[in-house]
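Here is a short briefing for a first look at this structure. Start with the sequence and the model.

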Amino acid sequence: MKQFIKTIIFFACLGLPVFAFADPAPAPVVDKGDMAWMIVATVLVILMVIPGLALFYGGMVRAKNMLSILMQVFVIFSLTSLLWAIYGYSIAFTEGNAFLGGFGKLFLKGITADSQAATFSKGVYIPEYIYVAFQLTFSAITPALIIGAFAERVKFSAVLLFIALWFTFSYLPIAHMVWYWAGPDAYTDAAAAEAAGATAGFLFQKGALDFAGGTVVHINAGVSGLIGCLMIGKRIGFRKESLAPHSVTMTMIGASLLWVGWFGFNVGSNLEANGLAALVFINTLLATAAATLAWTFAEWLIRGKPSMLGGASGAIAGLVAITPACGWAGPMGAILLGLVAGAVCFWSVTFLKSTLGYDDSLDAFGVHGIGGILGALGTAIVANPALGGTGVWDYVANGVAEYNLLGQLTSQIWGVGVCIIWSGTVSFIAYKLVDMLIGLRVSEEVEREGLDISEHGETAYHH
Amino acid sequence: MKLITAIVKPFKLDDVREALSDIGVSGVTVTEVKGFGRQKGHTELYRGAEYVVDFLPKAKVEVAVADQLLDQAVEAISRAANTGKIGDGKIFVCNLEQVIRIRTGETGEEAL
């Protein structure tokens with residue numbers, strides 16, 4: 001109200017009649033419901049990483065490497081959290097050029113308890129600190145996903161150095177390219193929209209849709225994982241010895257924590273607790289259930305038995321695929337996307353991997369890379385209002401824009417292509433650099449003995 | 001005295017213990033073991049990987065008996081552990097030279 005009165009005084013001073021102020025930019029408001037939801041959502045994403053992802057991955061390695069996985073996830077989470085506060089947030093989420101943000105908020109400079117971050121509704125804001133924290137959790141889980149590709153054979157020190165490099169040169173630019181924009185309030189009319197649009201990230205300008213991180217998180221991490229396992233090489237005994245998971249039970253617990261936490265990831269990405277949040281929620285639920293069934297039945301049909309590991313993997317594939325689409329798909333579109341994701345990811349880890357012969361230990365590429373690409377492209381299809389999607393909101397017209405399927409698909413291909421090339425290149429250079437500086441791979445003796453004892457000086461289980 | 005070592009299916013362990021108790025055997029030692037015989041292993045599938053598990057889990061039951069109880073004990077074990085299917089296990093019998101009860105120092109059949 002105070003703001004409103006100030007505005008009236010401002011216009012009065014200009015000598016303009018007050019009725020000309022018929023369509024004022026709404027004064028920024030922070031809703032306590034939104035704020036409460038964002039706290040919960042942020043905690044849920046933390047739950048996905050520690051312990052969710054750690055247990056999901058940990059269960060799939062041999063017992064002698066269990067702690068190495070838990071420790072890598074735990075420390076990557078802590079490391080990227082600090083890097084995010086020091087420079088990550090500023091580079092990803094402040095105005096700069098189309099590829100990188102600025103340095104204005106290094107060390108979170110200038111942010112106070114009163115600072116606000118824009119949401120997707122005009123005039124609705126959330127406190128900036130919770131936005132910083134929410135986005136921090138995304139920047140923390142993404143690098144942790146990569147380690148699944150080269151699990152059981154890489155030095156702990158090499159993992160940390162690689163992650164710091166990759167976080168800086170791949171995660172931050174991609175996040176800026178896909179997600180940075182001036183916020184809805186800048187889109188007052190066509191001219192203002194054009195000016196605001198020019199400040200947005202490169203892929204945002206291309207119109208690539210990524211609601212909760214299909215491109216930024218999953219394709220980004222999956223591609224880096226693929227490059228990693230190709231460069232680091234196979235585990236000793238690959239295809240000769242048993243490298244079977246030591247505890248599918250742990251993997252099921254981890255997958256379930258991921259599924260639960262993913263409601264924070266996807267629904268939290270809406271930044272508000274409103275009707276669209278409810279749509280994102282049901283889409284996340286249904287796509288995951290559909291993908292679980294698709295993987296399970298595909299495996300049952302083709303391999304003879306429905307496995308728990310398959311069920312858990314299917315759930316993750318569905319979660320990955322719905323992530324970019326969850327704010328634009330309708331519930332039936334979400335089911336369709338989930339069914340396709342479950343079947344395609346089953347094919348990729350079962351057949352594609354054996355055909356190409358790379359050792360992506362825990363299928364970081366097979367599930368996150370392939371599922372992410374599928375989801376990103378599928379977003380163009382399920383967002384179509386003709387197929388029950390919401391279409392894309394036009395912030396100038398304040399309504400749903402006419403949907404152009406081919407145009408949207410082109411935008412999505414831009415997102416996927418740029419992310420694959422960017423992450424692939426950064427990863428290649430970063431792996432090379434780390435290999436030259438400290439060496440990526442442990443010695444054969446250490447690999448045989450297991451990383452827990454040799455790298456961390458402890459064992460997970462005492463029989 | 002004889003030492004009987006029986007390798008049986010794990011889920012038959014309770015039946016074997018009961019059958020031995022019924023004929024008056026007062027103690028056994030049980031170990032979880034792995035091995036293979038005619039049953040061979042089985043295949044496990046984890047995503048794209050297929051692993052042949054050669055060693056199957058079995059229970060090893062060790063029981064020391066007086067000579068006159070041997071036949072009864074062997075019969076009790078084989079009856080209790082029998083399912084008629086491949087993989088039921090085996091029974092080995094060895095001579096046992098000496099038995100000592102640590103608490104009292106008793107030896108021989110007294111100590112069984």
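Buried residues account for 54% of the 463 residues in chain A. A residue is buried if 20 or more other C-beta atoms, placed from the backbone, lie within 10 Å of its own, exposed if 12 or fewer, and partly exposed in between. This is a predicted model: local features need pLDDT of at least 70, side-chain atom pairs count only at pLDDT 80 or more, and totals for chains, interfaces and linings use all residues. Residues are numbered from 1 along each chain as its sequence is written, while chains are lettered from A and ligands numbered from 1 in the order in which they are written.

**Chain A overall**
- Chain A has 16 helices and 5 strands; these are DSSP runs (helices H or I, at least four residues; strands E, at least two), numbered from the N terminus.
- The radius of gyration of chain A, taken over C-alpha atoms, is 23 Å, close to the 23 Å of the globule rule for 463 residues, so chain A is as compact as a globular protein of that length. That rule is 2.2 Å times the number of residues to the power 0.38.
- Along the principal axes, the C-alpha atoms of chain A fill a box of roughly 85 × 45 × 35 Å.

**A helix pair in chain A**
- Helices H10 (residues 275–303) and H12 (residues 331–356) of chain A pack at about 35°, with axes 7 Å apart. Axes are lines fitted to C-alpha atoms over the stretch in contact, and angles run from 0 to 180 degrees between N-to-C directions.
- By class, this contact of H10(A) with H12(A) has 19 nonpolar, 5 polar and 1 charged residues. Ala, Val, Leu, Ile, Met, Phe, Trp, Tyr, Cys and Pro count as nonpolar, Asp, Glu, Lys and Arg as charged, and the others, Gly among them, as polar.

**Where the chains meet**
- The contact takes 14 residues from chain A and 7 residues from chain B; two residues are in contact if their C-beta atoms, placed from the backbone, lie within 7 Å.
- H12(A) gives the largest share of chain A's side, 4 residues.
- That side of chain A has 5 nonpolar, 5 polar and 4 charged residues.

**Helix H1 of chain B**
- In H1 (residues 13–22) of chain B, the buried residues are Leu13(B), Val16(B), Ala19(B) and Leu20(B).
- They line one face of the helix, because they fall within an arc of 130° seen down the axis of H1(B). The arc is that of the directions from the helix axis to the C-beta atoms.
- Exposed Asp14(B), Glu18(B) and Asp22(B) sit on the face of H1(B) turned away from its buried side.
- Just after H1(B), Gly24(B) takes a positive phi of about 95°.
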